[in-house]
Amino acid sequence: MEVLFLGTGAGVPAKLRNVTSIALKLLEERGSVWLFDCGEATQHQILHTTLKPRRVEKIFITHLHGDHIYGLPGFLASRSFQGGELDVTIYGPKGIQTFVETNLSVSQTYLKYRLHFVEVSEGIVFEDEQFLVEARLLEHGIASYGYRVVEKDRPGVLLVDKLKEAGIEPGPVYKKVKNGESVTLKDGTVVDGKKFTGPDIKGRVVTILGDTRFCGAAKELAEGADLLIHEATFAAGEEGLAYEYFHSTTTQAAQIAKAAYVKKLCLTHISSRYDRDDWKMLEGEAKKVFATTEVAYDFKEIEIPLVKSLSQ
Ligand SMILES: [Zn+2]
Ligand SMILES: [Zn+2]
């Protein structure tokens, strides 16, 4: 599980920062990639990475401001042109379906794969046996959502040596044991699967927020997350401006990270008023409040490691 920043700037594209898009790479977990927002030229940014558009399975849109969606029609069209055949599901606020379908129909673009839309409201917007995604409304000029991506806990590793010691030979029975089920062996002995697996593997949590003012929903979505990605359009001391324009400052993002006890904070959606020389300063401001903070830049990658259990 890795996060790859495809665009980290606020509002308009700048030379050093394109507009917002974040890829959550779940290649090992499910062989796919989830995109969060798709600002203009996201597909150009992807060209500089190893990311394959056909791998993109889901696209979560935080809000309908242009710097978060103008890249969507082009990306979807190119994905089809490049041989993408698997369905794509787009999650986003009401209006996202009209935006995409209007673009595709006006330009007479026909996709070789099916598009599904989920117009989100607060609550669980996606769940399968592996992941759960929850959305909450943040505070922005228009409806802007934050997403909490929760990887479910998994059964621990199979303790093969222990199984062999107990005289249980490899076979279909191992699958049941791995799931922690009770299994009846050929000789009639009943074996408790849980005794032959390591501790559960704790799932990871990544919280990716749309544009927002400093708000309580951000903290709730971030609670205990392994990684929080929070906008920081403005520097510390600009809280007045941030409030007026429905954005946050570095310090405010750090306060959310601290209050929510996250493991790591990454700041993005950085205004072009701050150039390269200022980025360390922005990071420093946040670090005063929350030490494990990084400022994102285009193509930055963050790995989200599994927490190793000490008892294994
Ligand atoms: Zn924005
Ligand atoms: Zn916005």
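Guide: Buried here means under 20% relative accessible area, exposed over 50%, and partly exposed in between, with a 1.4 Å probe and protein chains only. This is a predicted model, in which local features need pLDDT of at least 70 and side-chain atom pairs count only at pLDDT 80 or more, while totals for chains, interfaces and linings use all residues. Residues are numbered from 1 along each chain as its sequence is written, ligands are numbered from 1 in the order in which they are written, and side-chain values use heavy atoms, leaving out hydrogens and water.

Donors are N, O and S atoms within 2.8 Å of the metal (3.2 Å for Na, K and Ca); water is not among the atoms, so sites may look incomplete. Asp 67 (OD), His 68 (NE2), Asp 211 (OD) and His 269 (NE2) coordinate the zinc ion (ligand 1) at 2.2 Å. Along the chain, these donors have the spacing D-H-x142-D-x57-H. Asp 67 counts as buried because its relative accessibility is 10%; His 68 does so at 1%.

The zinc ion (ligand 2) is held at 2.2 to 2.4 Å by His 63 (NE2), His 65 (ND1), His 140 (NE2) and Asp 211 (OD). His 63, in the loop between strand S4 (56-60) and helix H3 (66-69), and Asp 211, in the loop between strand S12 (205-209) and helix H8 (216-222), are 148 residues apart; helices (H or I, at least four residues) and strands (E, at least two) are DSSP runs, numbered from the N terminus. His 63 is buried, with a relative accessible area of 0%, and Asp 211 is buried at 3%.
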